[in-house]
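Have the structure open as you read.

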Amino acid sequence: WNNSNLLNLQAFSQNEVRLYWTGNETSVPEAVVRAVEPLKILVPISPPFTRLLRNPPLSNDDFAGVAVDLLRHISQTAGFSYTLVLWEKTWDEMVLQAGNASNEYDMAIGSITIKADRSRICNFTRSIYFTGLGMLTTRAQAKGSGYYEFLKPFDWSVWMALASTLIFSAFVLAYLDPVGIGTERTGHWFFDSLFFTTNVFVFVHEADRITKAWAQVFLVILQFVMLTLLAAYTANMASFLSSNGAETPSISSYSDILRSEVAVRVATTNYVYVVDVLGSRNVVGVRNRAEAIEVLRDGRAQVYIADRPHIEDIASTECDLVVVGPLVDTQEYAFAMRINSPWLNEINRALSIAINSGVVSQRYSHHLGYSCPQGESSDSDTQPLNLTNLGSLFVASVITALCLSFLKILQKLRNRQRPNFPLRELSSTFPEQSDGQDKTSIILAKYDAKVK
């Protein structure tokens with residue numbers, strides 16, 4: 001006997017063969033009887049690992065799911081037959097029934113979490129799936145447009161910095177080139193400079209009034225900064241408008257559940273975990289999948305916490321619900337078997353072959369599926385731009401300022417190297433005009449203006 005080495009064969013004569021089991025017993029041990037009979041396997045309903053196609057089930061074909069397909073695959077590898085039995089009580093009771101050697105059941109399959117206290121009452125197979133807790137919530141309608149929607153693309157810090165920049169620029173330009181701005185004509189230098197600074201971005205030709213070199217450098221840098229901000233504002237505003245009115249989750253992170261009502265399935269390890277973390281005051285106990293969906297839709301709970309595969313299966317068919325947040329409390333799934341089962345090693349070997357060949361991932365993708373459009377969900381990732389996002393703009397502005405300053409210095413040096421023609425030579429070159437003004441005066445005036 002190759003499963004547990006219980007059998008010894010002894011030949012006494014040509015026609016007589018005696019069978020002796022371990023301990024010199026001549027009766028067939030119970031383990032051998034169970035090894036040749038179909039295994040009785042308990043199946044709780046927990047999609048997508050186990051589903052019930054007909055209630056009450058009449059045969060093994062009335063069950064489906066990732067775990068059922070995996071069991072069918074390993075039974076062919078390990079060479080055993082089985083009978084599936086529907087289990088409708090608690091999971092801890094199921095594990096106890098499957099692990100107790102005095103009961104009629106040999107095994108339990110499904111999304112059974114490996115826990116230390118369960119390991120004392122059953123033998124777990126090797127892990128078949130790694131997962132954790134996830135959150136399921138409703139899609140809430142985004143807020144409609146308001147009077148202040150135009151401020152959304154920038155954070156308040158950017159708006160404050162923009163206002164400060166305009167005021168600062170007004171002071172600088174009024175100091176560098178008061179004549180070009182026109183403050184000498186009215187006497188209201190600050191308001192004239194502020195109006196000019198703001199107006200120059202609408203009417204670009206107004207910048208031609210600036211003639212001082214360093215004022216031109218400062219104005220070009222200011223225009224570069226403002227045009228970059230305008231481009232960023234336009235892009236971010238378009239993103240906000242495209243996401244306006246879209247459906248977004250009402251819960252987006254685990255910090256949100258601290259002030260929310262949380263639904264959890266009672267009599268499960270998840271219920272104990274959530275109560276330990278959040279306390280029982282904000283926890284709403286539900287008995288099954290249908291009740292969890294109901295409490296989410298009627299507002300009695302804002303989020304449903306369960307194993308990630310379970311809530312992903314719900315979201316694949318209930319299009320008004322969405323899975324949010326990362327995995328929490330990582331856990332492993334396995335099958336629960338009878339203590340000292342003769343099939344444990346063979347099943348573990350078959351499971352290793354199946355998992356390494358990708359059977360679990362393939363069947364998971366097959367049974368999860370999606371009937372909801374996958375592009376409709378999702379909260380907008382658009383966030384107001386702040387000063388941190390615009391840090392590269394400051395670096396680019398400094399580089400631009402250095403380049404323009406360098407060009408202006410080169411221009412100054414070039415102008416100084418031009419030849420200075422004597423006035424007499426220029427006077428003899430051009431005769432007097434009939435109106436009393438000679439060409440020499442005109443050329444010198446233009447030359448002086450360019451040098452300045």
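This is a predicted model: local features need pLDDT of at least 70, side-chain atom pairs count only at pLDDT 80 or more; totals for chains, interfaces and linings use all residues.

**The nonpolar cores**

The largest nonpolar core holds 32 residues, and the members touching the most others are Leu70, Leu71, Ile74, Phe80, Ile109 and Phe335. Several elements supply two or more residues to this core, among them helix H2 (66-78), strand S7 (107-113), strand S14 (321-337) and helix H13 (344-356). Which element gives the most? That's H2, with seven residues.

In general, nonpolar side chains in soluble globular proteins tend to be buried together.

Take a look at phenylalanine 335. Setting aside residues up to four places away in sequence, Phe335 touches Ala67, Leu70 and Ile74, then Met107, Ala108, Ile109 and Gly110, and also Asn123, Phe124, Thr125, Ile128 and Leu351. There's also a second, separate core of 15 residues, which includes Ile293, Leu296, Ala301 and Ala306.

**Two helix pairs**

Packed helices are described by the angle between their axes and the distance between the axes. How do H2 and H13 cross? The crossing is right-handed, with the axes coming within 9 Å at roughly 120°. On the H2 side, the contact uses Leu70, His73, Ile74, Thr77 and Ala78; H13 brings Glu346, Ile347, Arg349, Ala350, Leu351, Ile353 and Ala354. By type, the residues of this contact come out as eight nonpolar, two polar and two charged.

The other pair is helix H12 (residues 308-315) with H14, packed at an angle of about 35° with axes 10 Å apart. Here Pro309, Glu312 and Asp313 of H12 meet Tyr364, His367 and Leu368 of H14. These residues split into three nonpolar, one polar and two charged.

**Aspartate 313 in H12**

H12 is mostly covered, with eight of its eight residues buried. Why does aspartate 313 count as buried? Because its relative accessibility is 2%, and the cut-off for buried is under 20%.

What does Asp313 touch? Apart from neighbours within four places in sequence, its contacts are Pro47, Pro48, Arg51, Arg289, His367 and Leu368. With arginine 289, the side chain of aspartate 313 makes a polar contact of 2.6 Å.

The next loop to visit is the one between S4 and strand S5 (63-64), where proline 56 lies.

| Site | Feature | Value |
|---|---|---|
| Asparagine 55 to proline 56 | cis peptide bond | omega near 0° |
| Asparagine 340 | positive phi in a residue other than glycine | phi near 60° |

That brings us back to asparagine 340. Is this residue buried or exposed? Asparagine 340 counts as exposed, because its relative accessibility is 68% and exposed means over 50%.

Terms used:
Residues are numbered from 1 along each chain as its sequence is written. Side-chain values use heavy atoms; hydrogens and water are left out. A nonpolar core is a set of buried Ala, Val, Leu, Ile, Met, Phe, Trp, Tyr and Cys residues joined through side-chain atoms within 4.5 Å. Buried means under 20% relative accessible area, exposed over 50%, partly exposed in between (1.4 Å probe, protein chains only). Helices (H or I, at least four residues) and strands (E, at least two) are DSSP runs, numbered from the N terminus. Contact means heavy atoms within 4.5 Å. Axes are lines fitted to C-alpha atoms, for helices over the stretch in contact, and angles run from 0 to 180 degrees between N-to-C directions. A crossing is left-handed if the near helix is turned anticlockwise from the far one by less than a right angle, and right-handed if clockwise. Ala, Val, Leu, Ile, Met, Phe, Trp, Tyr, Cys and Pro count as nonpolar, Asp, Glu, Lys and Arg as charged, and the others, Gly among them, as polar. A polar contact is a pair of N or O atoms within 3.5 Å; within protein, one must be able to donate a hydrogen and the other to accept it, and residues adjacent in sequence count only if both atoms are side-chain atoms.
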